[in-house]
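Here is a brief report on some strands and helices. Look through the structure, then read on.

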Amino acid sequence: MIGQLLARRGVRTLGLERFDIPHAMGSSHGITRIIRLAYYEHPSYVPLLLRAFELWGELAAESGRHLLEVTGTIDASAPDEVVFTGALASCQAFDLPYEVLTSQALTARYPGYHLPADHLALFQPRGGFLLPERCITAHVEGALAAGADIRARERVLAWEPAGDGVHVTTERGVYEAGRLILAAGAWMGDLVPALRGLLEPERQVLAWFAPLQRELFTPERFPVFNLMVPEGRFYGFPEHDVPGFKIGLYHHLEQRVDPDHFEREASPVDEAPLREATARYFPAANGPTMALRTCMFTNTPDEHFILDALPGFPQIIVASPCSGHGFKFAAVIGEILADLAVRGATRHDVGWLGLGRFAV
Ligand SMILES: Cc1cc2nc3c(=O)[nH]c(=O)nc-3n(C[C@H](O)[C@H](O)[C@H](O)COP(=O)(O)OP(=O)(O)OC[C@H]3O[C@@H](n4cnc5c(N)ncnc54)[C@H](O)[C@@H]3O)c2cc1C
């Protein structure tokens, strides 16, 4: 997105990626990513999400690719817990349409769900899932079409300020640029040592289980969910593209990792909490394992994003990998980063996501 927007604004743009485009080594793979407007993490994300929806729609139209599947979204928890109360507060603050369903009403409408009897679910119709590998491909194709120079398999090794600009050294050469945008995911600490203490890469595991009743786990009959239960905070999806109902647990086994050296294979120990939650809360999905995959979150201390210039270096813009909830925002984050790089300011309200809240 950044490359596409910058190139369209007439800015000579170089995009560098150390692996392939797309790839499965970082944080943006795994077939599906939830997108939702009801946002229990903080209501200030809602305006960004409204813009992200517009931009994903434009990208789908321009690329001719199907990028987003609308299922509606469920945010469920005990009535006094933040997944439900926060989702409700964000809908009320921004006048978004929603319905509150008891656990029994949820099962009656969507029989794949069997949540605890005391749980409340907020249903918000505008949401579902993005197809991340296709989204990345569409963004890169758009950037290339707009004239950006995009290069994979070229790792950035170092950068240094040079007057008002910057020198960037890669495995293949040295580049001079007026501005540098760093969005290196779990590897941000390698490129920006000042952020190393703030950003914690964390191993995550996703499971796909073959539903026993497949007809209950189609996108038409099974909205994506965020669910807080005593065992933790889970999220999940209907079947799409590959076999299986998909489920994940935020902060899975709480394993902080080095992104270049961690166990990328998932094990039965990884599978256990996902299997148990499926058996308990989605029993009709509790069939044979179809796939287990690992991925990385990279968390900030408050789990909110970092979108800012580096203190003392207005020509260096940094974007954190977004604490496990950033993919849905990628389109609007691209717009924000392009604004910050070209104009030093953006019309989006992102002051609260600045580095000033930390001691950097
Ligand atoms: C299991 C899982 C489930 C998730 N579910 C959701 C969800 O449902 N909804 C949602 O909105 N978000 C979700 N997220 C979070 C979301 O996917 C991330 O916030 C987002 O993908 C982070 O994107 P990124 O561009 O920062 O990182 P990445 O996609 O990892 O991109 C960083 C890129 O920088 C490259 N790079 C690193 N170092 C260098 C270097 N030195 N030189 C050149 N290139 C370099 C990497 O190779 C990589 O391609 C989930 C994350 C995980 C792991």
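Two strands count as paired if DSSP finds at least two bridges between them. The model shown here is predicted.

**Strand β2 and its partner**

Start with strand β2, residues 33–36. It pairs with strand β7, residues 127–130, in the antiparallel sense. The pairing runs over 4 bridges.

**A sheet of 3 strands**

Next comes an open sheet with the order β12-β20-β19 and mixed pairing. Its edge strands are β12 (180–182) and β19 (307–310), each pairing on one side only. Neighbouring strands here are turned by 30° against each other on average, direction ignored. β12 pairs with β20 (residues 313–319) in the parallel sense. In β20, Ile-317 is the bridge partner of Ile-181.

| Strand pair | Sense | Bridges |
|---|---|---|
| β2 and β7 | antiparallel | 4 bridges |
| β12 and β20 | parallel | 3 bridges |

**Two packed helices**

Helix α2 (residues 46–63) packs against helix α8 (residues 330–343). The angle is about 100°, and the axes are 7 Å apart. The angle therefore makes α2 roughly perpendicular to α8. From α2, the contact uses Leu-48, Arg-51, Ala-52, Leu-55 and Trp-56. From α8 come Ala-330, Ala-331, Val-332, Glu-335 and Ile-336. These contact residues divide into 8 nonpolar, no polar and 2 charged.

Note on methods:
Residues are numbered from 1 along each chain as its sequence is written. This is a predicted model: local features need pLDDT of at least 70, side-chain atom pairs count only at pLDDT 80 or more; totals for chains, interfaces and linings use all residues. Side-chain values use heavy atoms; hydrogens and water are left out. Buried means under 20% relative accessible area, exposed over 50%, partly exposed in between (1.4 Å probe, protein chains only). Axes are lines fitted to C-alpha atoms, for helices over the stretch in contact, and angles run from 0 to 180 degrees between N-to-C directions. Angles under 35 degrees count as roughly parallel, over 145 as roughly antiparallel, 65 to 115 as roughly perpendicular and the rest as oblique. Contact means heavy atoms within 4.5 Å. Ala, Val, Leu, Ile, Met, Phe, Trp, Tyr, Cys and Pro count as nonpolar, Asp, Glu, Lys and Arg as charged, and the others, Gly among them, as polar.
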